[in-house]
Amino acid sequence: MKAFLTVLILLMGLGFPPALSQTLGPVVPKATGNPHPEGNLFMRINHSKLLLQDRNLTVRLGDRNIGASLKACVACHTSTDKNGQPIPINADKQFCSVCHEYVSAKIDCFQCHATVPEKKTEAFLIPKTSDSNALAAYLKETSE
Amino acid sequence: MQRTIYREIKLTPQIIQLAVLLVVFILAAGGAELYIEEYGHIVTGMTNQIVWGLPHVFAIFLIVAASGALNVASIASVFGKSPYKPLARLSGLLALALLAGGLAVLVLDLGRPDRLIVAMTKYNFVSIFAWNIYLYTGFFAVVGIYLYVQMERGISPSVVKVVGTAAFLWRLALTTGTGSIFGWLVARDAYNSAIMAPLFIVMSFAFGLAVFILVVKSICGLTGRAFGARLLHRLGRLLGIFVAGVLFFVAVQHLTNLYSAQRIGVERFILLSGGIYTQLFWFGQVLIGGIIPLVLVYHPTGGAKPASILTASALVIIGGFAQLYVLIVGGQAYPLDIFPGFAASSSFFDGQINTYTPSLPEILLGLGGVALALALTGFGMKILRILPTTLSDVNVDPLNNSGKGA
Amino acid sequence: MSCSLKNGSELPALKFNKKPTEMGRREFMRSGAALATITLAPGVTLMAFGGKAEANANPATRWGLLVDTNKCTPDCDACVTACSTENGWKDTGHPETDAQWIRKVDLVDLATGRETSLPVMCQHCENPPCVDVCPTGASFKRADGIVLVDKHICIGCRYCMMACPYKARSFVHEPLTGQKSYAPRGIGTVESCTLCVHRVDSGRIPACVEACDAIGHRALIFGDMNDPESDIAKRLLAYPSLALRDDLGLNPGVRYTSL
């Protein structure tokens with residue numbers, strides 16, 4: 001499983017040689033937990049749409065089990081500093097700001113939403129599947 | 001008599017100075033708005049008790065005056081009073097400019113002005129506020145067309161009349177809507193009342209005309225165009241009627257409220273014990289904004305003097321601000337009575353008279369709205385043929401030399 | 001999956017030309033549920049976490065709160081503290097602009113001198129004036145009767161605060177930091193008691209009720225007023241209760257006894 005994750009991270013990173021990434025593109029901090037089955041590309045393109053759509057499910061219908069939950073993004077995607085303390089996800093060069101700074105997109109989400117995970121939400125971080133065949137198939141698909 | 005000729009205004013040094021001044025005010029308002037957006041409404045005097053403050057006083061004044069400013073045009077083309085015809089274009093332009101100024105203040109005071117697009121795309125049709133958004137945009141459209149048909153050559157007067165009537169009806173709807181923003185607040189004794197709609201309509205007549213008189217007289221002065229004393233007198237007497245109308249509706253409003261035991265509290269507050277609000281009511285709204293202007297315009301000898309009418313107009317505007325301040329802020333200063341028959345107290349100011357002190361950013365924001373309205377009017381007159389080259393009495397009303405009518 | 005960023009002007013993702021077709025379906029992407037395989041486009045199969053939307057707001061339910069003012073003591077503000085801790089609003093030393101989702105009000109009957117103390121919060125009206133006046137529809141009532149602000153589309157006009165007869169709403173006057181992840185709050189929007197909707201949706205009771213129970217006052221009873229078997233419905237049936245500003249006909253979901 002761990003191997004798969006490593007491969008995934010390597011392959012999906014930003015899709016171009018790491019040497020170039022320093023100069024050419026945003027360096028996206030690593031995430032914890034399961035990767036997105038839909039793939040990084042899918043998430044890069046669609047995360048904003050997903051978030052904007054799914055938030056209505058929670059707010060209007062009370063669906064607490066949405067796919068694109070901002071709480072969950074924060075839980076998996078915050079990095080920790082040397083002392084193991086979470087760094088706010090919207091801080092400079094952090095997950096929710098690197099790309100946006102790069103394309104100068106502005107989001108206001110973190111005026112309201114917590115920028116570090118709540119202590120209780122570690123559940124998000126535990127990989128939920130051991131279906132390695134599925135992941136392998138997926139990997140093959142995305143690395144074509 | 002010559003034919004009425006409309007010409008763009010020329011930039012005199014005086015006008016340029018004025019324009020610079022207005023731009024300074026507009027920039028100051030822009031700065032104030034950025035400041036408020038950055039630090040939050042905590043830098044204003046508004047609180048969780050007084051949720052609408054000075055920006056709303058300015059915004060509502062400008063919006064109400066906007067529909068009133070259109071009156072001169074309506075009187076000319078809908079009611080066929082020819083002496084007002086040469087003023088009709090300016091009347092339409094001023095209406096548009098005042099509305100733009102008022103809306104700018106309203107929007108910039110929002111907690112999230114960045115979400116204006118939400119306000120334009122998501123509507124709750126039960127909300128009178130949402131309806132107002134349509135009424136405002138519609139007003140721009142209808143009055144815009146009205147201006148166009150007046151200015152375009154070869155459009156038949158009957159078309160102008162039809163469009164003018166549409167604009168007139170629209171402006172009545174608009175002011176009804178503005179009044180209903182308050183009138184439909186069932187929870188608040190200071191507001192909830194059907195009289196708000198007609199009260200706002202007659203207020204709009206008075207405030208709009210007062211602004212119109214001052215603007216047209218100043219611009220004629222600045223550009224060296226004649227403005228007949230009799231025309232001014234005529235406008236002055238019309239203003240008098242409107243001012244009397246406002247006083248009448250205000251009297252009915254308060255007498256009705258006094259009759260209802262539930263509302264005695266808030267009425268006592270406004271009329272007797274409300275400190276600044278009571279003073280503003282009696283001295284600002286009633287005396288300065290009502291009685292003195294009436295005396296000025298109807299005075300048997302002084303009433304015809306331009307100075308009287310201009311002073312009266314200025315006083316009506318001051319009184320108008322006082323009236324809206326008393327209505328909007330004063331109405332919230334008096335606490336909500338959630339527990340009739342009990343004395344309530346809490347850490348959230350239940351049962352207490354709420355205090356409000358406008359802060360500088362709010363004042364700048366409001367003044368910026370006024371400046372924007374005036375600047376847009378000036379700009380309109382600069383690029384469009386709005387203002388007649390002369391508004392002398394011979395020209396405007398050659399048939400009626402006795403000075404009667406209106 | 002090669003993503004070029006050679007020209008440096010756009011993100012690699014934007015070059016993706018296989019448009020997913022299922023974007024509009026709400027059940028499309030759900031983490032936490034079972035792993036499922038779905039077809040994005042002919043020949044392109046990806047896994048997604050599938051599942052149906054679970055609308056917790058059930059139209060058959062009407063959540064309500066019953067306040068027994070006899071059991072509520074003047075010096076106790078456990079409910080207020082609990083709400084503030086749960087939802088992250090606090091005293092910042094600006095009493096006039098600080099948010100208060102729930103407050104204790106002390107009453108003295110003007111005729112008899114009898115003193116009462118009770119909490120006041122959003123009354124979760126059946127016909128809420130705040131919802132009627134909101135221009136964007138940000139103020140809304142959930143199917144189960146909870147009145148909320150959708151802060152995503154609130155423009156901060158404060159008309160709802162003008163309309164609320166209970167002074168239940170607050171406006172966020174300052175930039176905030178350190179919010180709770182389940183109770184986002186932010187500058188320039190209006191907020192009020194949510195009946196702890198995040199707890200209710202996962203089968204728990206509001207924080208104020210929990211706190212009142214915990215100190216043994218049990219002055220607050222939460223439940224489904226539409227369910228005849230619920231504690232709240234039984235009590236409402238058995239004892240007289242009243243709604244604040246009954247004259248307005250708003251039929252609030254919060255009721256008071258012994259007032």
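The model is a predicted one.

Strand 3 (residues 63–68) of chain C runs parallel to strand 11 of chain C, to which it is joined by 4 bridges. Within this pair, C:L66 has C:R255 as its bridge partner in strand 11 of chain C, and C:D68 stands opposite C:T257 in strand 11 of chain C. Towards strand 10 of chain C, the pairing of strand 3 of chain C is antiparallel and extends over 5 bridges. Here C:L65 has C:F222 of strand 10 of chain C as its bridge partner. Strand 3 of chain C is largely enclosed by the rest of the structure, because 5 of its 6 residues are buried.

**Helix 1 against helix 5 of chain C**

Two packed helices are described by the angle between their axes and the distance between the axes. For helix 1 (residues 78–87) of chain C and helix 5 (residues 207–214) of chain C, the axes come within 8 Å and cross at roughly 135 degrees. Helix 1 of chain C is therefore oblique to helix 5 of chain C. The crossing of helix 1 of chain C and helix 5 of chain C is right-handed. On the side of helix 1 of chain C, the contact is made by C:A78, C:C79, C:A82 and C:E86; on the side of helix 5 of chain C, by C:A207, C:C208 and C:A211. By class, the residues in the contact of helix 1 of chain C with helix 5 of chain C comprise 6 nonpolar, no polar and 1 charged.

**Strand 4 of chain C and its partners**

Strand 4 (residues 102–109) of chain C has 6 of its 8 residues buried, so it is largely enclosed by the rest of the structure. One of its pairings reaches into another chain: strand 2 (residues 342–346) of chain B and strand 4 of chain C pair in the antiparallel sense. In that pairing, the bridge partner of B:F342 in strand 4 of chain C is C:D109. Within chain C, strand 4 pairs in the antiparallel sense with strand 5 (residues 115–121), where C:V105 has C:L118 as its bridge partner. The hairpin of strand 4 of chain C and strand 5 of chain C has 5 residues between the strands, and C:G113 takes a positive phi near 85 degrees in it.

| Strand pair | Sense | Bridges |
|---|---|---|
| Strand 3 and strand 11 of chain C | parallel | 4 bridges |
| Strand 3 and strand 10 of chain C | antiparallel | 5 bridges |
| Strand 2 of chain B and strand 4 of chain C | antiparallel | 5 bridges |
| Strand 4 and strand 5 of chain C | antiparallel | 7 bridges |

**Helix 5 of chain A**

In helix 5 (residues 95–103) of chain A, the buried residues include A:C96, A:S97, A:V98, A:C99 and A:H100. Helix 3 (40–61) of chain A is among the elements that cover the buried residues of helix 5 of chain A. Just after helix 5 of chain A, A:S104 takes a positive phi of about 40 degrees.

Notes: Residues are numbered from 1 along each chain as its sequence is written. Chains are lettered from A and ligands numbered from 1 in the order in which they are written. This is a predicted model: local features need pLDDT of at least 70, side-chain atom pairs count only at pLDDT 80 or more; totals for chains, interfaces and linings use all residues. Side-chain values use heavy atoms; hydrogens and water are left out. Axes are lines fitted to C-alpha atoms, for helices over the stretch in contact, and angles run from 0 to 180 degrees between N-to-C directions. Helices (H or I, at least four residues) and strands (E, at least two) are DSSP runs, numbered from the N terminus. Angles under 35 degrees count as roughly parallel, over 145 as roughly antiparallel, 65 to 115 as roughly perpendicular and the rest as oblique. A crossing is left-handed if the near helix is turned anticlockwise from the far one by less than a right angle, and right-handed if clockwise. Contact means heavy atoms within 4.5 Å. Ala, Val, Leu, Ile, Met, Phe, Trp, Tyr, Cys and Pro count as nonpolar, Asp, Glu, Lys and Arg as charged, and the others, Gly among them, as polar. Two strands pair if DSSP finds at least two bridges between them. Buried means under 20% relative accessible area, exposed over 50%, partly exposed in between (1.4 Å probe, protein chains only).
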